[in-house]
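Me: I'd like to go through the charged pairs and a bit of sheet here, and hear the reasoning behind each label. Can you take me through it?

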Amino acid sequence: MGKKGIRIFSYILTVVLIAGLFIGAIVYLNISNKKKEEDKSVTTVTAPPKDGSKQVITSAERQTHVPVITLTEDDSATADEGSSQDGTSEDALSETAEQETTTEEETTTEEGPEYTVVKMYYPGAKDETQSGWFAEYAAEEFGIQLAYVGDAESADIVAGSPMIVEGSADPASVRSGFYIRYDLLDAMEGISVGSIDDYFSALAAMRQLFPEDGRPYGISLGNDAEGCIPLCVDYLIEMTSGMRRYGYGLYNPETGELESILDDGGPFKMALVYLWSMNSMGLLDPDSKNQTMEEARAKLAGGKSLATFSSEDARYFNELLGGESGMACLPLPVPGQKSYIAALSNEEAAPWRVSDEASEQAKAFYEWLTGYRGALTCMYGPEGVCWYEEDGWLYMTEAGYAVLEDANEELPQYTGTFREGHVPFESAYAKSSLVRVGASESFDVSTWRSHILENADGTQLAWYEDTGAYSPEAMMISGTGSTVSDLPVVEFDMNKVPTQRRNPVNSSINQLSWSCIFAADGQEFEKYWRSLKNAANGTGYLPCLDECRKSLEELKNSLQNAQ
């Protein structure tokens, strides 16, 4: 071979080597790209779009709350078809690169986005995948697919009983207040209530609005008793001392002690003094000691009395006569009032929990679910669709009111009806009357400021403007004298005291209580009070009180062990 042949051979060899290097580089790049796509794959479950159409997820949405869609193996293989080892053109490689770049910014799938599965257990749960609006909301906001499981040990989240938050108040325990015919009071000028005595004076002034013949009493009470003390006296004790009777003693939530009702300077005697004062002013119905509370309630509704200490009586009046009539029986924020408010009870304590091994999405979902936004969503539907919060106040939308009226209404933007997608477990705050921390509204929509201002009549609006409260319970709970007890509403089992002991004690205290209330003057009041103490002690009051203290200690221990 001559020099010319050698040069040609060298040239061909050089071209072949360069081409080989170029092809090798292309293969290496394609293998690397495929490996990167495989590395990005996660173990997820694909959920179909709600309307069955193709979904487009942009990179901007990925950075907010929409779950990232990863390519499947089939998608990766399709992307690699444009790069073969037989010398693909640069134009084809460029087109493939553009397609891969587009995939990073906008991914489509006929199946829908892929979600992290979150397994949730609740009592009675079966293995099933949740569907409907709640599951769709969880997917949108947290990137999860909710699956219920029948085994608590394998669950990411365990839904227990309604949660008890330390310091939370049970509005259902607020059973008393200084209620008054507010429609009549609002029509009077120059009446201000700055004390309990002023409350009595306001009632006396209101009576003068009526002709003497048929003039209503200030208040009519009943002689119903849950033990030794008339129930109406129980109410006044709670309203003026912040204590609540437990059997034969008064529980003081500030000291945790059960105090005797027979103390000379105690709340029981003071309540009797207040009622004696009302009778001395001509405000108390003389039939009070001989009638039931139901009969007293009927007199309030019939216009024969102007006030009540019972929240239940006031609700009855407002439901029966309120509304367009403008009549309303509402409480006054009387200075010196000390409402007793029980802690939330949970007889069958079952704590909520999230597994330490749960995904970050599951933990975020748990935090939301056990907060007030999660509770409101469980109760009323998706936030932003059924309800929303603005400037610290809650508002119900038209769609929210629609599903409240009929749970079979379809939800806008979601699949199916409210009932079909509703959660099968109890909200963390199942007591919808629970007042939210830092707000005067409860979870109950009827206490929401927006609902009240839209639906209240003139008398109710005047009361809201004067008191700054949006429900009687909220006013009591937010009162400066209110004390949240460490105990739920519990009653002493009177059967723990032998009948032959408790009957004489109950009878003597009850009868002589009314004697004090209707005493002719202060001197006679003190005479009856001494008789009450002597009769109670002589029939075995102290052993009854000791039995109550023993029972209370057992109750506290059982509640502590349940935590």
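Predicted model: local features only at pLDDT ≥ 70, side-chain atom pairs only at ≥ 80, totals over all residues.

Me: What makes Asp234 and Arg245 a salt bridge?

Reply: The cut-off is a side-chain nitrogen of Lys or Arg within 4 Å of a carboxyl oxygen of Asp or Glu. For Asp234 and Arg245 the N to O value is 3.0 Å, so the pair qualifies. Asp234 lies in helix α8 and Arg245 in strand β10, so the pair ties together parts that are 11 residues apart in sequence. Both Asp234 and Arg245 are buried.

Me: Why is Arg297 called buried?

Reply: Buried means under 20% relative accessible area. Arg297 has 17%, so Arg297 counts as buried. Its salt-bridge partner is Glu312, at 3.7 Å from N to O.

Me: What makes β10 and β12 edge strands?

Reply: The open sheet has the order β10-β11-β12, with antiparallel pairing. β10 and β12 each have a single partner strand, so one side of each is left without a neighbour in the sheet.

Me: How do you know that β10 and β11 pair?

Reply: Pairing needs at least two bridges, and β10 and β11 have three, so they pair. Arg244 stands opposite Tyr251 in β11, and Arg244 also belongs to the salt-bridge network.

How values were computed: Residues numbered from 1 in each chain as written. Heavy atoms only, no water. Helix = DSSP H or I, 4+ residues; strand = E, 2+ residues; numbered from the N terminus. Buried < 20%, exposed > 50% of the residue type's maximum accessible area, 1.4 Å probe, protein only.
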